[in-house]
Amino acid sequence: MVLARTRVPQNATRSLLPFLQQADIQYTILISDLQQAIENQTGGRSHRNRRSLPGYNYEVYHSLEEIEDWMHYLNRTYSDLVHMFSIGKSYEGRPLYVLKLGKRSRPYKKAVWIDCGIHAREWIGPAFCQWFVKEALQTHQTDPDMRKMLTQLYFYIMPVFNVDGYHFSWTNDRFWRKTRSKNMRFHCHGVDANRNWKVKWCDEGASLHPCDDTYCGPFPESEPEVKAVAHFLRKHRKQIKAYLSFHAYAQMLLYPYSYKYATIPNFNCVESAAYNAVNALQSAYGVRYRYGPASSTLYVSSGSSMDWAYKNGIPYAFAFELRDTGHFGFLLPEMLIKPTCTETMLAVKNITLHLLKKCH
């Protein structure tokens with residue numbers, strides 16, 4: 001008799017396998033050597049030409065230092081389209097860099113905010129942010145849609161939101177999720193930067209315990225990273241018309257609300273944009289994304305950046321959950337960076353062009 005069907009997403013240890021076999025539990029080993037899979041993504045730096053900026057490789061994962069070097073390089077090389085600036089400092093004192101991308105064609109332009117890497121272990125997020133910038137810079141002269149986007153809009157792009165956590169995921173714990181702030185009482189580090197926003201803070205889907213992965217923090221915007229982004233978005237709320245945040249994994253395109261089951265006032269416009277975006281995405285490789293309100297499509301969570309952005313007057317607020325649906329999970333192989341980013345690019349362009357039309 002089969003008692004359960006168990007998916008083993010990491011190294012099935014020698015002690016675990018006999019137990020599963022003896023108990024007649026069916027199992028599937030998804031990753032046969034977890035440590036090797038991690039080393040494949042973080043190692044081999046010398047022969048993979050990671051650091052050569054003119055020949056920057058967008059099909060491998062990059063460390064925080066490499067991403068920052070890349071940003072500085074673009075700022076110097078494409079000064080007509082790129083402006084790099086810092087909006088503050090992280091808990092550990094690292095600068096929080098943002099790229100402003102677009103043609104200086106008019107004094108005032110609407111804008112789109114894009115952030116990646118709120119959760120440290122979701123490496124495909126920062127990879128997509130870099131891919132988006134690359135595509136914009138390489139195709140704006142030949143692609144009419146990209147030219148239109150960069151002429152009529154500014155893009156504020158934050159390739160790594162949670163810089164301390166991302167650095168820690170490279171140096172210490174590949175599966176680290178939170179920030180790296182210290183909690184003296186519990187000796188646990190970090191807050192979930194996507195539960196720390198002042199919108200139904202620390203309600204359902206968030207934890208009050210500092211050692212939990214979904215810890216909401218001691219108070220809203222307790223994390224300097226969240227506070228800095230919230231301050232920037234508040235300051236530019238009249239200009240910013242869309243907020244896009246990139247996560248992994250689940251293959252979903254989500255919109256508000258996360259914290260409650262309710263229909264947003266501009267549902268028709270947002271739903272239409274989501275529908276068209278997932279269809280555009282699917283046209284590349286046939287990959288299907290589910291779409292809908294985050295609460296009913298994924299799960300209820302409070303204090304999220306997407307809900308906060310929407311509540312603060314940004315009419316189009318979306319969170320992408322990129323590939324895959326659990327086989328590789330957070331360890332999405334580098335060979336899947338290109339197809340994932342290529343299809344996601346179609347969705348983002350679709351949403352952006354939707355912004356430029358009047359939606360009734």
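Is glutamate 321 buried or exposed? I looked it up in this predicted model. Glutamate 321 has 11% relative accessibility, so it counts as buried, the cut-off being under 20%.

**Entry: glutamate 321**

The UniProt entry, which is unreviewed, places an "active site" feature at Glu321. I found glutamate 321 in strand β12, residues 316–322. Next I listed its contacts, leaving aside neighbours within four places in sequence. They are His247, Ala248, Tyr249, Ala250, Gln251, Met252, Leu254, Tyr289 and Leu298. I also checked the glutamate 321 side chain for a polar partner. It reaches the backbone nitrogen of alanine 248 at 3.4 Å.

**Entry: aromatic rings**

I searched the whole structure and got 24 aromatic pairs. I looked at phenylalanine 128 with phenylalanine 132. Their ring centres are 6.4 Å apart and their planes meet at 55°, so I logged the pair as tilted. Both residues lie in helix α4 (residues 124–139), four residues apart, about one turn of the helix. In an α-helix, residues three or four places apart point the same way, because a turn takes 3.6 residues. Phenylalanine 128 is buried at 0% relative accessibility. Phenylalanine 132 is buried too, with a relative accessible area of 0%.

**Entry: charges over rings**

I noted the charged end of lysine 109 over the ring of tyrosine 154, 4.2 Å from its centre. Lysine 260 lies over the face of tyrosine 257, at 4.6 Å from the ring centre.

**Entry: helix α7**

I compared the span of α7 (residues 224–235) with expectation. Its 12 residues should span 16 Å at 1.5 Å a residue, and the end C-alpha atoms are 16 Å apart, which agrees. Its buried residues include Glu225, Phe232 and Leu233.

Definitions and conventions. Residues numbered from 1 in each chain as written. Predicted model: local features only at pLDDT ≥ 70, side-chain atom pairs only at ≥ 80, totals over all residues. Heavy atoms only, no water. UniProt positions renumbered as here; feature names shortened; annotations may be inferred. Helix = DSSP H or I, 4+ residues; strand = E, 2+ residues; numbered from the N terminus. Buried < 20%, exposed > 50% of the residue type's maximum accessible area, 1.4 Å probe, protein only. Contact = heavy atoms within 4.5 Å. Polar contact = N/O pair within 3.5 Å; in protein donor to acceptor, adjacent residues only side chain to side chain. Expected span 1.5 Å × (residues − 1). Phe/Tyr/Trp six-rings, centres within 6.5 Å; stacked < 30°, edge-to-face > 60°. Lys NZ or Arg CZ within 6 Å of the ring centre and 35° of its normal.
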